[in-house]
Amino acid sequence: MEINLNPLGNRFRGYLPVIVDIETAGFNSKKNPLLEIAAVIVEPDTDGWLHITEKHHCNIIPFKNSELDDAALKFTGIDPYHPFRMAIEEKDALTKLFTPIKAAVKRNECKRAILVGHNPAFDINFLNAAIERTNHKRSPFHPFSSFDTATLGGLMYGQTVLAKIAQAAGFTWDNERAHSALYDAEQTAELFCLIINRWKKLSEYEAT
């Protein structure tokens, strides 16, 4: 296993930030299925600057007897049963994502992962519902704590919508790719790293 020379164990109270974005077929975490989930792992370099190190993504088969909301599908543009999605079962998707996250938690000397999301209450509710539904025993995530980039964006840039924060931060925003789990997770991760790194730079400047 790769050794991290600058682990995050003491940076976020022992939690490893993992940026998560979920696309679903509705707003009810008990009835509407997960369709996509992406997780982006961020870690420090030897100087302590936070960077994206891993990206993971799965398309998911709707769980049995789940309900699909037509308005949600129209919004995301996802066809849940399109053969080219190469979708997998919900429990397999969680296992596929949790395995590298657990490895990152270990090499960063952290105790758990913490979900970073844009308005993360939605994502963590759906994630927890999937964990319960699949009887998944070993989630690496804290069950209710999270970091919110909408709040951080409001503090740093006076914006709370992800696209507007990204543009205010100088990122290029592609509306055609937005609302895919991986794209939104990547953009959220870049934003999170930028804000954390700016805080580090400010803290070091004030200490001189």
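Of the 208 residues in the protein chain, 50% are buried (under 20% relative accessible area, with exposed meaning over 50% and partly exposed in between; 1.4 Å probe, protein chains only). The model is predicted, with local features requiring pLDDT of at least 70 and side-chain atom pairs pLDDT 80 or more, while totals for chains, interfaces and linings use all residues. Residues are numbered from 1 along each chain as its sequence is written, and side-chain values use heavy atoms, leaving out hydrogens and water.

The protein chain contains 6 helices and 5 strands (DSSP runs numbered from the N terminus; helices are H or I of at least four residues, strands E of at least two). Along the sequence these elements follow the pattern β-β-β-α-α-β-α-β-α-α-α. The radius of gyration is 17 Å, close to the 17 Å given by the globule rule for 208 residues, so the protein chain is as compact as a globular protein of that length (radius taken over C-alpha atoms; the rule is 2.2 Å times the number of residues to the power 0.38). The C-alpha atoms fill a box of roughly 60 × 35 × 30 Å along the principal axes. UniProt, in an unreviewed entry, lists residues 16-201 as "domain: Exonuclease"; positions are in the numbering used here, feature names are shortened, and annotations may be inferred rather than shown by experiment. Over residues 16-201 the chain is 40% helix and 24% strand, and the end C-alpha atoms lie 20 Å apart.

The 5 strands form an open sheet of mixed pairing, in the order β3-β2-β1-β4-β5 (two strands pair if DSSP finds at least two bridges between them). At the edges are β3 (50-59) and β5 (141-148), each of which pairs on one side only.

Strand β1 (residues 15-24) pairs in the parallel sense with β4 (residues 112-117) over 5 bridges, whereas β1 and β2 run antiparallel and are joined by 7 bridges. Ile19 has Val116 as its bridge partner in β4 and stands opposite Val40 in β2. Pro17 stands opposite Ile114 in β4.

In β1, 10 of the 10 residues are buried, so the strand is largely enclosed by the rest of the structure. Tyr15, Pro17, Ile19, Asp21 and Glu23 point one way from β1, and Leu16, Val18, Val20, Ile22 and Thr24 point the other way. Side chains in a regular strand alternate between the two faces of the sheet.

Helix α3 (residues 121-133) lies across β1, β2 (34-44), β4 and β5, and runs at about 85° to β1 (contact means heavy atoms within 4.5 Å; axes are lines fitted to C-alpha atoms, for helices over the stretch in contact, and angles run from 0 to 180 degrees between N-to-C directions).
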